[in-house]
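Visitor: Could you take me through this structure? I would like to begin with confidence and then look at some details.

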Amino acid sequence: FWATIIPSLAMPMSIIGTFVTMHLLGYSLDNLSLMALTLSVGFVVDDAIVMLENIVRHMEMGETRLQAALNGSQEISFTILSMTLSLAAVFIPILFMGGIVGRLFHEFAVVIGMSILISGFVSLSLTPMLSSRFLKPGGQAHHGHIYAVSENIFTGMLWLYEVGLRWALRHRLVTMLFSLAILVGTGYLFTKVPKGFLPNEDTNRFLAFTEGAQGISFDALKDRQNEVAEILRQDPNIDSFMSFVGRTPNGGIIFVRLKDRDKRPLGVEQVINELRPQVSQVPGLNTFAFNPPPIQVGGRMTKSLYQYTIQGPDTDQLYKYASILADKMKSIAGLIDVTTDLQLTNPQVNVAIDRDKASTLGVTADQIERGLGAAYGSRQISTIFAPTNQYQVILELLPQYRADPEALKLLYIRSMTTSKLVPVSTVAKLTPTVGPLTVNHTGQLPSVTVSFNLTPGTPLGTAVDKVNAIARQTLPSNFTTGFQGTAQAFQSSFSGLVTLLILAVAVIYMVLGILYESFIHPITILSALPFAGFGALLTLMIFHVELSLYAFVGIIMLVGLVKKNGIMMIDFAIAAQRNEGKEPHDAIYEACVIRFRPIMMTTMAALMGTLPIALGFGAGAESRRPLGLAVVGGLLFSQMLTLFVTPVFYLYMESLRRWLGSRRAETPVTEELAVTEPRERVPAARNPHKP
């Protein structure tokens, strides 16, 4: 009972201490900080488990509770310090990251880093104190049937591990070749795994943009959008919606709210895919529905989610090649709802004023412009004040005249000299034509934005590569191109995440190098990283989950988690060599067998803490699930292999260290004999902490 309670107390103590830190820093409880606290639940008990297990081991050796607490904590304190500092150091590079990654995960990194540091302090202070007061020696403890069964299972696992470990130590070359194959496989999986930015979440809502023919009247657009609204009204998954017409001269927007997830059988993406063929049957109206991203990252308001912008100084050439590119993009597998903001066939009437004739008839250009504005611009000209209300007087043509371009010929302007009415067609030439509905700019240059959605299962990274390839083949070299919004953030952040992973490994190496005063054994501890990466990427591929921003953060966390096993084994082996004079083979074998129990316990604690996130419970679980899957898959795979590979790697590194040490020892002696007379050599005092 007490062996369970004592390490469990580290969890509330660490979480409460983290709350205090969050309050002092002005942080709030949000999605990311709560996710950090959820993940830390599985990590903060690790150090306490390692401390308690070592104290119990000393008690089983015949020591009293107080002696075991003192000796066990003293023996394991440096190991816990190394584990805590190296795990917290993983999140240091995130604090200095810029862009969307830095803004998103700054608070996440601080919260989980502080919880880890506080748990290390609790494990070095509270856990030994409680153990010295409440733990019972093995002879006084009374165990039941469940304990006997579980202990027999553990004994069998330990026996199997010893058999496998002896085989691995005898066949070192085979083990290292297998490790090399895993390293190559990790690189291969990284190139093949589908990549994305932020997973879509089912937040009970989606957007639908509508687009009618260029030149469509407001009434016609309203009638067609009402047909779409009627289709939405009959869908049993939809709770309510709001429909607006006039977002653009020929477009509208519909905000759709779905029923709660537990009250509808389909997810938001399934609802959209089911509605897409139905709304496409409305004549004269295109409807583009998509699930908005959980975080809106720049870009402009377009009819589809992802945007590709083309810029060029020559508008004729720009419009020509933009249309060609949009047509080619429609043939790309995985892309749907491909559309552009380029609308060049909007009907219009050019009014060319004959200034000489207008001046002769006493009509000015300003009168003509104001007359057209009053007729078609719905101008307020007066206000009628009643005893209890007031009414605006709006001047405009009747609807039947506003919809007919020929009605322009019936418009009259009063002459300023004769006060007679002069037809507009007398003083101006009216020419029906077509022209651009809008001329868009990005920065200082004219631009065209091609937007698109993705079919379910199509990774954003694959779509980005395909669009870039077609653009290089289609567009002239003097065009400036680039993704906007979410697609642009994906491109910039992914390269930054690779840099972040490299920096995390470098920081851990430096921290371990400082703690162990060695350049070699930090590499031994980090030898488990390829296995964790392979397991994480393989798990994502098995569950058909993209390597998104959250999944990449999970892989970065694995860098700090999997090296804990190596620290527990290597630290014990180094101490056995230094204090007991054992050979590297015997030292690492004993370290692996003795540390097998705490390694299994800490790994299971981390798995249980991450499993709820991997299973995907609750609203918005779609975004957090990749992180949980990456951590669970990486821990399981690395746990099965590092227990065998790390000891073999340690033996090779020890041989390298001894060879380098012998080379360094030979060089000063040769120089001394060549310069001075022989003299008695006194061995230098050895740093007790230096392996």
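Visitor: What is the mean pLDDT of the chain?

Guide: This is a predicted model, and the mean pLDDT of its chain is 83. Of its residues, 93% reach 70 or more.

Visitor: And where is the pLDDT below 50?

Guide: The pLDDT falls below 50 over residues 669-691. In the model, this stretch has 17 contacts beyond near neighbours in sequence.

Visitor: Changing topic: which residues of H10 are buried?

Guide: They are Val-268, Val-271, Ile-272, Leu-275 and Val-279. Viewed down the axis of H10, these buried residues fall within an arc of 95 degrees, so they line one face of the helix.

Visitor: How many residues does H10 have, and how far does it reach?

Guide: Helix H10 spans residues 268-279, which makes twelve residues. From its first C-alpha to its last it reaches 16 Å, close to the 16 Å expected at 1.5 Å a residue.

Visitor: On to charges. How many salt bridges does the structure hold?

Guide: There are 13 salt bridges in the structure. One of them joins Glu-75 to Arg-57, with the closest N and O atoms 2.9 Å apart.

Visitor: Which helices do Glu-75 and Arg-57 lie in?

Guide: Glu-75 belongs to helix H4 (residues 65-89) and Arg-57 to helix H3 (residues 31-60), so the pair ties together parts that are 18 residues apart in sequence.

Visitor: Is Arg-57 buried or exposed?

Guide: Arg-57 counts as buried because its relative accessibility is 15%, under the 20% cut-off. Glu-75, at 35%, counts as partly exposed.

Visitor: Which residue meets Arg-233 in a salt bridge?

Guide: Its partner is Glu-230, at 2.5 Å from N to O. Both lie in helix H9, three residues apart, so about one helical turn separates them. Glu-230 is partly exposed, at 35% relative accessibility.

Visitor: And what about Arg-370 and Asp-366?

Guide: Their side chains form a salt bridge at 2.8 Å, N to O. Arg-370 and Asp-366 are four residues apart in helix H13 (residues 365-376), so they too are separated by about one helical turn. Arg-370 is partly exposed at 49%, and Asp-366 is partly exposed at 42%.

Visitor: Which residues are linked in a network of salt bridges?

Guide: Asp-202, Arg-261 and Arg-264 are linked in such a network.

Methods
Residues numbered from 1 in each chain as written. Predicted model: local features only at pLDDT ≥ 70, side-chain atom pairs only at ≥ 80, totals over all residues. Heavy atoms only, no water. Helix = DSSP H or I, 4+ residues; strand = E, 2+ residues; numbered from the N terminus. Expected span 1.5 Å × (residues − 1). Buried < 20%, exposed > 50% of the residue type's maximum accessible area, 1.4 Å probe, protein only. Arc of directions from axis to C-beta. pLDDT = per-residue confidence, 0-100. Contact = heavy atoms within 4.5 Å. Salt bridge = Lys/Arg side-chain N within 4 Å of Asp/Glu carboxyl O.
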